[in-house]
Number of protein chains: 2
Amino acid sequence: MIKKLVMLLALAVLAQSSIYAAEQTETKSVLDKIESPADVKQLSKKQMEALAKDIRKGILTHSNTVGGHLGSDLGIVEATIALHYVFNSPQDKIIFDVSHQTYPHKMLTGRKEGFTDPLNHKEISGYSNPAESEHDFFVLGHTSTSLSLASGMAKARNLKGEEYNIVALIGDGSLSGGEALEGLNNAAVLNSNFIIVINDNEMSIAPPNGGLYKHLKELRKSNGKSENNMFKALGYDYYYLENGNNITKLIEQFNAVKDTKKPTVVHIHTQKGHGYIPAERNKEQYHWILPNTLGTRKSRYMPDNYNSLTADYLYNAKKKDNTVVAVTPATPGATGFTQIFRKKMGENYVDVDIAEQHAVGYVSGLAKNGGKPVLAVMSSFIQRAYDQLSQDFALNNAPATILVFGGGISGADMTHLGIFDIPLISNIPNIVYLAPTCKEEYVAMLDWAIPQDKYSVAIKVPAGEMVSTGIKDTTDYSVLNKFKVTNEGARIAIIGAGNFYRLAEKLQQNIKDLWGINATLINPIYLTGLDTDVLEHLKSNHDIVITLEDGCLDGGFGQKISAYYSNSKIKVLNYGAKKEFTDRVPVKELYERYRLTPELIMQDIDNLMKY
Amino acid sequence: MIKKLVMLLALAVLAQSSIYAAEQTETKSVLDKIESPADVKQLSKKQMEALAKDIRKGILTHSNTVGGHLGSDLGIVEATIALHYVFNSPQDKIIFDVSHQTYPHKMLTGRKEGFTDPLNHKEISGYSNPAESEHDFFVLGHTSTSLSLASGMAKARNLKGEEYNIVALIGDGSLSGGEALEGLNNAAVLNSNFIIVINDNEMSIAPPNGGLYKHLKELRKSNGKSENNMFKALGYDYYYLENGNNITKLIEQFNAVKDTKKPTVVHIHTQKGHGYIPAERNKEQYHWILPNTLGTRKSRYMPDNYNSLTADYLYNAKKKDNTVVAVTPATPGATGFTQIFRKKMGENYVDVDIAEQHAVGYVSGLAKNGGKPVLAVMSSFIQRAYDQLSQDFALNNAPATILVFGGGISGADMTHLGIFDIPLISNIPNIVYLAPTCKEEYVAMLDWAIPQDKYSVAIKVPAGEMVSTGIKDTTDYSVLNKFKVTNEGARIAIIGAGNFYRLAEKLQQNIKDLWGINATLINPIYLTGLDTDVLEHLKSNHDIVITLEDGCLDGGFGQKISAYYSNSKIKVLNYGAKKEFTDRVPVKELYERYRLTPELIMQDIDNLMKY
């Protein structure tokens with residue numbers, strides 16, 4: 001009850017603040033009357049414009065209360081209204097790429113309370129979700145998938161002899177991803193209704209860079225009339241709409257292509273952040289916001305010191321060696337590559353656009369030709385480049401450095417989990433995958449990884465607040481697979497990898513305090529190989545080995561330890577995440593589910609010792 | 001010695017047969033005089049034409065002796081000579097996409113004996129390999145990587161202030177792959193020398209289909225003058241050469257772009273199979289050949305009954321349900337989708353071009369809209385779509401069926417290993433990955449997987465000759481993770497997955513014969529989950545559990561069994577491949593290395609029992 005009051009109060013304050021570009025004055029809003037897309041079809045143009053304002057208010061309220069995507073949702077409001085006015089969802093099927101821009105769509109398809117009422121904000125996910133509505137067709141959250149998914153739907157429709165529209169809405173930023181471009185090639189020959197709406201707001205999260213974006217600019221400048229047109233070249237009918245935030249024009253344009261029998265591209269030019277001036281002005285900062293930051297000077301960036309440490313380190317490294325290059329696949333902000341950093345790095349900073357495959361191939365080529373590239377990528381997205389990690393990087397022993405950010409068990413949406421990077425990377429031959437446990441180790445690993453020219457190195461950047469031991473790390477990381485035994489004890493050994501080394505420390509202390517046992521404590525450092533000397537030595541005076549890793553157990557680090565000891569008397573207990581897609585489950589709940597607390601682990605050890 | 005005589009005899013027979021389009025009559029060939037690209041630069045045009053004939057002879061000899069790629073190598077002979085005439089390798093760097101078309105390049109860079117002398121044929125790999133020559137820059141064998149690798153090299157060159165040409169040669173077929181398209185976008189803004197040669201022979205392995213290929217056709221038809229030009233649209237300088245098998249014209253064209261300061265596309269039209277009439281006429285059949293098949297009626301297709309069984313099954317399934325669709329990412333021949341099959345399937349057969357990511361997204365969309373898609377893909381290539389397997393397929397529980405062909409320990413080139421599909425697929429939540437051990441199980445799994453609408457299913461199609469038990473399989477596969485206990489014994493349990501179930505049978509028999517122990521035999525069927533009832537039951541009267549899997553142990557099936565038993569008294573021995581890239585190592589040698597014979601496993605058990 002108190003929580004409710006606080007939230008209502010917060011909303012009231014928000015409503016009174018002057019953060020909206022346009023104030024809402026009607027007593028009963030148009031959005032109040034919208035229960036489904038059918039209601040949108042009854043509106044006058046004027047009412048639709050009022051509806052757009054209501055939707056913007058919902059976006060701002062929602063994002064400022066629970067955090068979320070802002071700019072792309074603000075920019076797509078009019079297009080979403082027009083889509084639902086013209087097409088008949090869910091018979092006509094609209095698939096949103098990434099689906100971080102589906103807030104307006106959700107508000108028009110029976111889920112407005114998720115945006116207007118703070119109590120419901122957490123009920124509705126930030127992405128498309130068939131469990132929420134018949135107007136959503138896929139769970140999705142990674143970019144560049146919509147053309148493939150939608151063209152598959154179109155093929156099924158055709159085989160079943162059904163007739164309706166299939167519309168894939170994809171942002172310009174997502175277009176550079178391999179799956180989208182593969183889909184663009186194949187969908188061109190569908191020979192049936194298939195409508196691609198390109199929502200061109202001139203931005204990825206950061207500004208896009210490649211040839212494709214120069215081409216989109218040329219199309220915008222020429223009002224879609226440029227002689228050269230890659231969509232026409234591929235065989236699409238092509239239409240351009242300059243004012244993608246004008247509902248009337250959008251409706252005209254969508255009506256013109258509705259029920260087409262040909263693969264068709266409708267290129268609309270929208271304004272990211274439209275209708276909220278700070279977001280119009282600073283598109284990157286307002287791509288996504290933290291709760292309670294609107295109208296304040298609080299940055300959207302988490303005060304994550306490993307991020308700023310990385311950027312500072314790379315800038316200093318570049319000053320000493322001009323072949324050091326920081327590379328990002330369009331997620332610079334999430335990995336510490338601020339606008340200031342990018343400017344300072346100049347030619348030594350490259351954003352390859354959303355293109356993780358190319359990014360891995362590119363840094364492999366750079367490294368093989370004597371450059372010192374460092375690719376920073378999110379755990380959830382490194383999996384978009386498995387084959388490149390294997391073939392371009394590992395098979396060539398390309399001495400590039402890949403920094404994997406944001407990995408670990410989290411309360412994230414099911415589309416953005418970070419628990420798969422260990423199974424993904426650690427089972428590829430040749431890669432050295434390092435898991436630092438503190439600032440000093442991380443820096444020492446960078447010191448080693450970047451200049452060396454022998455190994456393909458990945459580093460699992462620690463999650464959470466920075467831990468500093470204050471002691472310089474002088475380890476020689478070129479001696480591979482050497483675990484650090486930080487306390488030599490007996491009976492029980494605890495191997496705590498990366499983020500979970502601190503948990504291992506706590507567990508070790510608790511075991512000492514409560515049971516009087518001096519357990520061995522090990523920081524394994526290497527996720528890609530076992531220190532058989534250390535493991536063999538444990539056999540002499542240990543009965544139980546505990547492994548802790550901040551990721552999926554299946555295919556992970558602990559199972560390698562289990563396999564190592566499987567023909568011996570040593571008993572092993574593996575701790576980490578279960579192989580499952582969790583969806584916005586609080587971390588604390590997951591830690592209990594996976595028994596990731598000193599108390600629960602000690603219960604298990606106790607049971608095992610009795611057995 | 002006898003081996004040498006036989007080989008020379010084979011060569012003599014080959015030389016006398018009329019398989020060459022052009023007979024070689026000179027006594028001392030031009031190729032004899034070529035030790036390095038420098039020698040090519042000394043040749044007259046006439047000598048270069050003679051050299052082309054010599055190279056063709058080498059290609060045919062090599063491929064007919066040890067098997068290999070034929071059509072693309074025959075087509076690229078003139079372009080390779082011209083490249084080495086114009087550019088200065090290795091200072092100028094030529095990167096060949098896939099590199100299955102590097103036979104001419106190898107013959108001009110000090111490795112001709114690998115093609116002219118049958119005794120050396122196995123010394124030289126079928127792909128680019130820096131260990132062989134300074135003229136090769138990467139180990140590569142998967143498609144669509146060259147633009148990324150080469151553009152990374154160009155960036156390193158620029159940062160180091162060096163000046164030379166970087167040339168990426170990519171076939172039209174490879175262009176549809178996501179990494180290539182991502183690279184095309186990013187390399188366009190390199191703002192420096194970067195030359196892409198598109199070797200357009202109008203073919204992937206099979207004919208390509210998408211919008212890109214209609215566009216290339218338009219460019220060919222218009223002699224490169226088409227108003228629409230996607231390469232120009234992306235910002236490239238663009239040149240077209242119609243006769244890509246004319247050395248003089250090629251030299252002119254390459255000279256015209258040499259030392260350019262801009263990203264440049266040179267689109268050359270070549271003839272796949274050029275100079276060898278059967279290969280000119282049947283481009284798909286002669287893409288790649290088995291040894292001793294030239295001039296014979298022997299098919300290039302292995303008599304692999306699982307392939308033909310699959311095709312027959314799908315054709316019958318399609319006749320009953322018109323939403324059954326067979327999908328291939330441009331490797332139809334390797335998975336049983338013959339030209340006759342494709343024709344019979346009509347609209348129910350889709351080749352999405354080289355585009356594994358799109359293929360997985362596409363079948364996921366198809367399945368979610370009520371279609372019944374079956375994607376057939378090679379083990380070595382399924383890894384190109386990890387993120388799509390996770391996000392498009394598994395997270396959506398898209399009830400598509402993915403058939404993984406060609407997996408298992410093999411003597412393949414290091415770029416085409418099939419040992420990673422179990423670690424790759426089995427650690428993704430939600431996927432049901434099935435490993436049939438015989439024809440009857442495979443058919444029963446297809447019977448279940450295709451019509452059901454609940455699970456995302458992958459099937460590891462058995463490798464090698466088809467095994468038939470003659471007994472109809474009536475298993476209900478919707479009861480997930482239920483192992484089949486095919487012999488209930490005691491003390492030792494053997495779990496043999498998929499291809500290695502037959503090895504498990506043999507081992508069980510040997511243990512019975514030699515030791516008189518009736519070991520339990522288990523066919524686990526499911527690679528994605530454990531049957532804890534069965535595993536728990538084994539604890540009561542077994543001491544040792546053996547796991548056998550035809551793939552990489554790290555992250556694989558056996559380690560899950562080890563982890564399961566790691567807190568118990570059961571001892572587990574895992575058998576499978578070590579985590580390593582092996583390169584053309586004979587299977588027999590690998591089996592010994594990995595102790596994959598009944599005798600070696602029994603030695604290990606014996607040691608363990610003593611211990």
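How many residues of domain 2 of chain A are in contact with domain 3 of chain A? Let's look at this predicted model view by view to find out.

**View 1. The three domains of chain A.** Chain A is divided into domain 1 (2–37 + 44–289), domain 2 (305–460) and domain 3 (484–610). If you pick out the C-alpha centres of domain 2 and domain 3 of chain A, you will find them 27 Å apart.

**View 2. Where domain 2 of chain A touches domain 3 of chain A.** Here is the answer to our opening question: 23 residues of domain 2 of chain A are in contact with 26 residues of domain 3 of chain A. On the domain 2 side, helix H19 (421–426) and strand E12 (431–434) of chain A are the elements that give two or more residues. That side of domain 2 is made up of 13 nonpolar, 7 polar and 3 charged residues.

**View 3. Chain A against chain B.** In this view, 94 residues of chain A are in contact with 95 residues of chain B. Several elements of chain A give two or more residues to this side, including helix H9 (178–187), helix H16 (356–368) and strand E18 (571–577). Helix H8 (146–159) of chain A provides the largest share, 10 residues. Sorted by class, the chain A side has 34 nonpolar, 41 polar and 19 charged residues.

**View 4. How chain A and chain B are related.**

Notes: Residues numbered from 1 in each chain as written. Chains lettered and ligands numbered in written order. Predicted model: local features only at pLDDT ≥ 70, side-chain atom pairs only at ≥ 80, totals over all residues. Domains from an automatic or database assignment. Contact = placed C-beta atoms within 7 Å. Helix = DSSP H or I, 4+ residues; strand = E, 2+ residues; numbered from the N terminus. Nonpolar A, V, L, I, M, F, W, Y, C, P; charged D, E, K, R; others polar. Least-squares fit on C-alpha atoms with pLDDT ≥ 70 in both.
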